[in-house]
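User: Could you walk me through this one? I'm new to it, so please spell out the terms as we go.

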Amino acid sequence: MRGWDQTNEILRQLYRLYGYPMKEVLTRSGGESQKSLSYEGRMENLRGRIVMGNKKIDPTVKIVLVDDIFTTGASLNESAKVLRDNGMKEIEAVTIARAPY
């Protein structure tokens, strides 16, 4: 368990301020913390661990993935792959910060 989820807090504030809808449609199961892994290790660590949840979404809506820190892009890449594999057509990503790698 990671504890406080700063990304969800950012999304809650965007909804409160601007009314942007938020829906968690992806879940991650297991795996190591990404912090100490190489790029290849991060990709392998996430492969198959991010899945669509139970919520149904219209495949024609624009999906915006939000991540707190972009390091290698492994989380966003795997998330986008899962969404595309489930029929989503328009996927964009936003990150709050960029970490050197």
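**Helix α2 and the cores**

User: What do the buried residues of α2 pack against?

Analyst: The buried residues of α2 pack against β1 (26–28), β2 (50–52) and α3 (74–85). Contact here means heavy atoms within 4.5 Å, while helices (H or I, at least four residues) and strands (E, at least two) are DSSP runs numbered from the N terminus. This is a predicted model, where local features need pLDDT of at least 70 and side-chain atom pairs count only at pLDDT 80 or more, though totals for chains, interfaces and linings use all residues. Residues are numbered from 1 along each chain as its sequence is written, and side-chain values use heavy atoms, with hydrogens and water left out.

User: Which residues of α2 are buried?

Analyst: In α2, residues 39–46, they are Arg42, Met43, Asn45 and Leu46; buried means under 20% relative accessible area, exposed over 50%, and partly exposed in between, with a 1.4 Å probe and protein chains only. Seen down the axis of α2, these buried residues fall within an arc of 165 degrees, taken from the directions from the helix axis to the C-beta atoms, so they line one face of the helix.

User: And which exposed residues are on the face turned away?

Analyst: That face of α2 carries Glu40 and Glu44, both exposed. After the helix comes Gly48, whose phi is positive, near 80 degrees.

User: Switching topic, what makes up the largest nonpolar core?

Analyst: It has eight residues, namely Val25, Ile57, Ile63, Leu65, Leu76, Ala80, Leu83 and Met88; a nonpolar core is a set of buried Ala, Val, Leu, Ile, Met, Phe, Trp, Tyr and Cys residues joined through side-chain atoms within 4.5 Å. Two or more residues of this core come from each of β3 and α3, and α3 gives the most, with three. A second, separate core of five residues includes Met43, Leu46, Ile50 and Ala74.

User: How far apart are Val64 and Arg28?

Analyst: Val64 and Arg28 are 36 residues apart in sequence, and in space they are 17 Å apart, C-alpha to C-alpha.
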